[in-house]
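Hello,

Here is the structure for you to look over. My notes follow below it.

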Amino acid sequence: MNKIILKEVNNMLFEFINFLKLNKIMVLFVGLLMILTFGYEICNFTLSIDEEIYIFAKKEPFIWFADGRFGIAIFKWIFMAGGMFPPFFATAIASLFLVMSGLMWCYNIYQASNKNIKSKFAFFICVGLYISIPTVISEYMMYSSYNIEVGIGLTLLAISSNFVITYNKTKFKQHILFAIILLFCAFSIYQAFTLVFITSTCLFCICYLVLDKSINSFKDFLNKLFSFVIVFIIAIILYFITNKVIHIFYPSRGYLDNFNGWKVNSDITSNLYNVIRGIGKYYFYHSETGSNVFIVTFGVILLLIIYSLFIFNSWKKIVIPILFICYSIAPFLMNFIFAWNMPYRTMLSLLVLISGTWIIVISITPKKFYINIILYLMIFIILIQQVQKLNYIFYSDNLRYKTDLRISEEIMSEIVEMNGNKFPDRPIVFLGAYNPDNRINVIHVEDVGRSYFSLKNTHRLTFLLEATGYNVPHATGEQIQRANTYAGKLTNWPQKESIKILDDIVVVKLSDQ
């Protein structure tokens, strides 16, 4: 039995490698695109939210248990001593895993279509769009505290899906077992992967019906769909059971409660309106962060729904439009379930939605020279714009980081001068927030582009000072409360008399906020 299992896995690996060989030009251009997309971010270090905490591995790795991400905790415990790799290494490895997962998703679509996709340009566009959606990728890449693990999770999820697709062909039951294990591991890294799997399941079902001409039986389609459903259900049950057991020893911090709108407002109509309005605002009106691709893609999905109503007959005329609707809604399920506009970094299912939509469009478009030229040119322009927007976001955040460094140095220089040219040996308490008014062309996505000095958080600013080379103790709660009593006696930084040195703390008033 073990030999049979090993043979099956080897066959799957051989087929994937053969797919890459057949499309080696595509792989070469994807590698070039990866350099163009992430080269600036890899080579230009910026310290972003949470990185200041983890960069010197001072954080206990098992804190991730409390957030239900025990896969991250185990990975960090084994490979990172609880912290994170230096930014260059973390971003480079994360981008490699992102590209690998993109190639795997591309291969999965190829397999689900029964190898009916012949266009190498379609494969290139699929991976290219997947790795360059500005709003999602910028937030994902900037979190070096766990971007490697997310990249690994995306790859595990793609491999899990491939096992299910292969099972639907071979009926080899061990494939289902491997799919469940890998999907469970992916869920243990990031709960948002649940929506990635649901979205990809809709995509593969569309490929079965639209691109794989051999499926004509509704029963055969249901059998294939059932394979994905059973893998998902078992994997999610295993995740919840494991998480419950872990929380006995590492109690939950209630992190997900921060994204639960029902605790703020129980009115269904109001919450539904806010979610729909939020989706429209964040995904259709922020052109500076590359929202154009969402507008065009959802417009194309609407056309595909209309197309399927006229082209297909019998049960497919009903099922395919329903699949497209589910496919377009799936990435936003968490928004509706929690009545909250989820952060961009959780919207990884949009990578599958955007890239999968365009590979379907390319595959069903009539092979007419002028039509293909217009379509390819339009998609290529969208791709180039995405890469440009993403690089601009990376550059913008680098400007933000340099400004934060400059402010840190100015404040520390003033404190050292006031302290007799000695570095302070006591905590620094920052009061209020400071928003630099000279940071032109700095794009705000969510956390990307946000100055540390705008957070009104003494502990984060202390971590920032530590991460940039200063040895500053952390203030206690009592010291922070006591520092607040001096707020009315100080001016706002950078004015004179905005800093006060006391016996056991240094008080820096940034603003009255």
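**What I found**

Start with strand β1 (residues 428-431): Ile428 and Phe430 point one way, Val429 and Leu431 point the other, and all are buried. Buried here means under 20% relative accessible area, with over 50% as exposed and partly exposed in between (1.4 Å probe, protein chains only). In a regular strand, side chains alternate between the two faces of the sheet.

β1 pairs with strand β3 (residues 506-509) in the parallel sense, over four bridges. Pairing requires at least two DSSP bridges between the strands. Val429 sits opposite Val507 of β3.

A word on the basis. This is a predicted model, with local features needing pLDDT of at least 70 and side-chain atom pairs counted only at pLDDT 80 or more, while totals for chains, interfaces and linings use all residues. Residues are numbered from 1 along each chain as its sequence is written, and side-chain values use heavy atoms, leaving out hydrogens and water.

Overall, the protein has 19 helices and three strands. These are DSSP runs numbered from the N terminus (helices: H or I, at least four residues; strands: E, at least two). Of its 513 residues, 56% count as buried. Among contacts with a separation of 6 or more, 78% join residues 24 or more positions apart. Contact means heavy atoms within 4.5 Å.

Now two helix pairs. The axes of α6 (residues 120-130) and α16 (residues 349-364) come within 8 Å and cross at roughly 165°. Axes are lines fitted to C-alpha atoms, for helices over the stretch in contact, and angles run from 0 to 180 degrees between N-to-C directions. That angle makes α6 roughly antiparallel to α16. The cut-offs: under 35 degrees is roughly parallel, over 145 roughly antiparallel, 65 to 115 roughly perpendicular, the rest oblique. The contact involves residues including Phe121, Phe123 and Leu129 of α6 and Leu351, Trp358 and Ile362 of α16. By class, this contact has 13 nonpolar, one polar and no charged residues. Nonpolar covers Ala, Val, Leu, Ile, Met, Phe, Trp, Tyr, Cys and Pro; charged covers Asp, Glu, Lys and Arg; the others, Gly among them, are polar.

The axes of α7 (residues 134-142) and α17 (residues 369-418) come within 9 Å and cross at roughly 40°. The two helices are therefore oblique to each other. Pro134, Ile137, Ser138, Met141 and Met142 of α7 meet Gln386, Lys389, Leu390, Ile393, Phe394 and Asp397 of α17. Those residues divide into seven nonpolar, two polar and two charged.

Best wishes
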